[in-house]
Amino acid sequence: MNALTSLDRPNSYIGRSVPRPNAKRLLAGRGRYVTDFVLPRMLHVAYVRSPYAHARIVSIDAQAAREMPGVKLVATGQDLARLCTPWVGTMDHFKGMKSPPQLPLPVDKVVWSGQAVVAVVADTRALAEDAAETVAIEFDELPVVVDIDAARMPGSPVISPELGSNLCFHGKIDTGGVDDVFANAAHIVEEEFHFGRHTAVTMEPRAIIADYDASEQQLTVHHATQTPYQFQDIYSRHYGIPESRVRVIAPDIGGSFGMKLHMYHEDMAVVGLSIMLGRPVKYVADRIESFVSDIHARDHRVRARMAVDADGEILAMDVEDVTAIGAFSAYPRTSVVEGNQVYRLMGAPYTFRNYRADLQVVFQNKVQMSQYRAVGHPIACAVTERLVDMIAAKTARDVFEIRSGNLIPDDAYPCTSPTGYQFEALSHHACLAKLRQMMDYDRLRAEQAQLRSKGIHRGIGIATFVEITNPGPAFYGVGGARISSQDGAIIKITPSGDVRCLISVTELGQGTETIIGQIVAEHLGVDRNRIKVITGDTETTPHGGATYACRGAGIGGETALQAALKLKANVLSVAGAILQEASEKLDIQNGWIIDAATMHPRVELAEIARIVYFRSDTLPPGTQAQLSVTHHYAPQGYPFAFTNGVQGCHLELDVETGLVNILKVWVVEDCGRIINPLLVDEQIRGGVVQGLGAAFFEECAYGDNGQLTNGSLADYLVPMAVEMPDIEIGHVETPTLDTQLGAKGVGEAGTAAASAAALNAVNDAMAPFGGSIAQLPMTPARILKALGHI
Amino acid sequence: MKARAFSYARPSTVMEALETFADAGEDASYVAGGQSLVPALALRLQAPQLLIDIAHIEALRGVELQGGWLRIGALTRHCEVLTDPLIARHAPLYHAAAPHVAHPAIRNRGTIGGSISHSDPASEFPAMTLAMGAELELVSRTGTRRVAADDFFIDLFQTAIEPGELLVAIHVPVIRPGHRWAFHEFARRRGDYALVGCGVLAEFSDGLIEQARIVFFSVGNTPLRARQAEQCLIGKRLDEAAVAAAQALVGGDLDPPEDEHVPPAMKRHLARVLLGRLLGQIMRQDS
Ligand SMILES: Cc1cc2nc3c(=O)[nH]c(=O)nc-3n(C[C@H](O)[C@H](O)[C@H](O)COP(=O)(O)OP(=O)(O)OC[C@H]3O[C@@H](n4cnc5c(N)ncnc54)[C@H](O)[C@@H]3O)c2cc1C
């Protein structure tokens, strides 16, 4: 007989692999995406886009378009500027940060190739596109700023002259003592890294329908977004509509990965077009539009060095990151967060204390760069972990040995990183030991040596990481951004004893609704199937942060937990009144009020609900039962709940062709309390696949003139199933003590370190040839160059 | 993006198709599997006023042995090329190439005739047509003609097919006992257009190479025969030295276009590696 576990308690759902209740609906084709919505009198918009990366708009001739069949409106930047106030993507806590104001459509010049310039609204999208083809825009080309270094060169063209330069933000961190440490170090390793741009490529592209009803001054927006409250606030403030009359509905979302939480010009324009027309207007980005207008990610050039003593102890790190973000900083979260996390996360798993870093965020004539899954983490991780491997090679140590000698000991917490991050409790050594055993590392090394003699070149790479999760108001709120770090939940018991939970965290396919249902079921004491979780509608769900930065489980989950406990207390109070029993002596289990001591069932929850809703006359005088509760929770302990883990990558490099066959990836991860192992593992796997995409395939390629040259899925390579390895996952569980739930985030862990482990593995495979690579993605051309073949 | 509006015709005979095209003038386009044309319409790269759907013309179907030739109807779909036993036996380079052509959903609709007519320089079937020395049967209102593969591929997306003419069938000279062949391509992901691909067909007699056709794709505007490499093999026994000699010449046979991401030097390097591997395979088959 197996031993009993905590999962054998009644109503035990936390820690159980339950499938997503909404998965069947989506698989059955019953998903409701914005694209599926057809509203009465709805119109469609197509945009005329700039062919130039930087140009003055001389004139716009749209007369022919206005006369085309089905066309209802042709609008320019001037038209929309009359309705919408400009926005600026800065936050106060990034001192000295600059960014130019933005409008839905440009009024005088375009700053990236593909920027929408004119909106054509017609009865169908095809008619709108027919008309858009006839719009004649005269441009006067301006010199383009494309290269990361050219942007900062004296005398280079300045994209926004009013800002004085192309520098958006300059940050410095210096603990002091770095020069001394490097001067006296036994060994120094250094490298220059290049990280290309890539983008989210969600299965569902961006989609929005704005529906303005002038009779009620009511704006309803159906929006494929992960943050409906943020957009409610933005539409209200920039179009001057009272917040109570702006409703944002986020229905089913086909992937977001951070991409669908930024303000896009086309989306803001759609709201204005609906106001101008008094009719619903739909915009769905097609794949090319996605490539040229969705945020891109990364784009860093990092020079970094690490100093180590004779015993292999890492002493210091010195880092210089330049990152290029497009012609302005994204709104409302800014484009500095990525660089900020890069230079604060460098070396975070290790014990060294001396750190210096310089971050320059620069403007260029490309589409905006901003937060995407694992913001900054993959850069910090790849740079740190590659340098650690270089130290291992230089000091003739094994890659596990060098890490176990330098990682923060598991019993050293709480502690603070040199950049000021506070760690409550991490488990690097436990994870590292587990990874070594899962990989069967010694056997892999032996096999590698044996195969090398046969001309087969396999590489093994590992990468440790920390991940920022559960962010408090220090993340956005203190910078003045109206982005909430708290969440709210309403839980109600229906007259037949079912439960509805309306909560501010949102579902984008990652399973938020599933885990919220599990948490409520466990803490209220009812069957999960009797709980309906409702998300994504600002009209019905309480205001909250929704989904970003790995917060759904940790913050949303704790909100649901506390709300469920509050409701349970209310239920037991009225049950006590009905049963003439002290409520402390009662409990709820499987939808029954039970005797807490004997577990003996007393009365069904449904019966309590029936009495409360229909026979309140039978309750003792003065009893006012509260079978609905509203509860908010804001994180208050540590500013972030850091998680940690380590990944291993095993691959085979064809040293003649530069092609890589990824054989296997292992991940050991500590996200605190695991609510649903199935979903946690799938989050990690999906994240790893995105990390491997960045490592080997995905790159937005630009020509010298600032044109994106691979804006289609034929040319922009996403990782596909055939190329992806098995991904084996293990866990260490260190719950946060800041919450009763103990959960931290996990959504970005896979992406954080997958590319770093792959980088180390490729370099390991190349080691016998003396080549090395420090650029992502590692394309066959770059690998062949590193090997000296071309 | 949405395609521009167009009219649609669905003839059921070759003659009807030819007449429909002639009546429409040049602003018509045949459509077979639609796997190249429809994406081009959706991107508005092409906007014909009339689409003539040839997919229901019986005369363009079927695979059959006719004397020393295998006749493959133009409408034979990629997925049929993959599984047809006659093609596997008599036109083995098509069979070997088929798994590398796109993905199952595309192979279910795309046709070999469409692929050869479209003549994407990175496509497998046009190159293997050249490698096997096939002939293309074309029909117009003035009659039928057969064009040798060596004369068929003219330039980027340009073949010997005249406007309005239809590719009816591909005739492949069947494999003979002395034939050896090999196919492979280097691609970043399975199903992608290749970085470099190659098919080799060699005829041996008494252990010596009597004839060789080495055809590369994805290295220029059309599929390309590596003529110097072919030439140097004739009359030789296929051994390490012969392979190395062919490899040394292949760079000069190819003229890959400038490309920032896959520079010509890389294409030449990959072509050398690929040729070495394919000839090595044939060498091992032989012994
Ligand atoms: C995602 C994707 C990946 C792909 N990957 C590959 C790949 O790896 N390798 C590869 O080779 N191909 C690939 N293709 C292209 C695919 O193989 C096409 O099916 C093929 O190139 C065209 O065949 P079709 O029958 O679909 O032609 P259509 O698209 O219908 O027509 C193509 C052109 O040929 C003309 N045409 C068609 N049939 C005839 C005929 N009988 N006579 C005269 N003219 C004719 C049409 O008028 C049109 O101009 C890919 C396609 C897609 C969408």
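These entries record what I looked up around the ligand and at the interface of two chains.

**Basis.** I worked from a predicted model, in which local features need pLDDT of at least 70 and side-chain atom pairs count only at pLDDT 80 or more, while totals for chains, interfaces and linings use all residues. Residues are numbered from 1 along each chain as its sequence is written, chains are lettered from A and ligands numbered from 1 in the order written, and side-chain values use heavy atoms, without hydrogens and water.

**Ligand.** I listed 30 residues around the ligand (a heavy atom within 4 Å), and among those that come nearest are Tyr30(B), Gly34(B) and Thr111(B). For polar contacts (N or O atoms within 3.5 Å) I noted a polar side-chain atom of His78(B) at 2.9 Å from a ligand oxygen, and a polar backbone atom of Ala102(B) at 3.1 Å from a ligand oxygen. Taken alone the ligand exposes 970 Å², of which the protein buries 87% (Shrake-Rupley method, 1.4 Å probe). Helix α7(B) supplies the largest share of the shell, 4 residues (helices are DSSP runs of H or I, at least four residues).

**Interface.** I then turned to the chains and found 21 residues of chain B in contact with 28 residues of chain A (heavy atoms within 4.5 Å). The area buried between them is about 2100 Å², with 58% from carbon and sulfur atoms (accessible area, 1.4 Å probe, lost by two parts on being put together, summed over both). The rule finds 6 salt bridges across this interface (a side-chain nitrogen of Lys or Arg within 4 Å of a carboxyl oxygen of Asp or Glu), and I noted Glu133(A) with Arg4(B) at 3.0 Å, N to O.

Conventions
Polar contact = N/O pair within 3.5 Å; in protein donor to acceptor, adjacent residues only side chain to side chain. Helix = DSSP H or I, 4+ residues; strand = E, 2+ residues; numbered from the N terminus.
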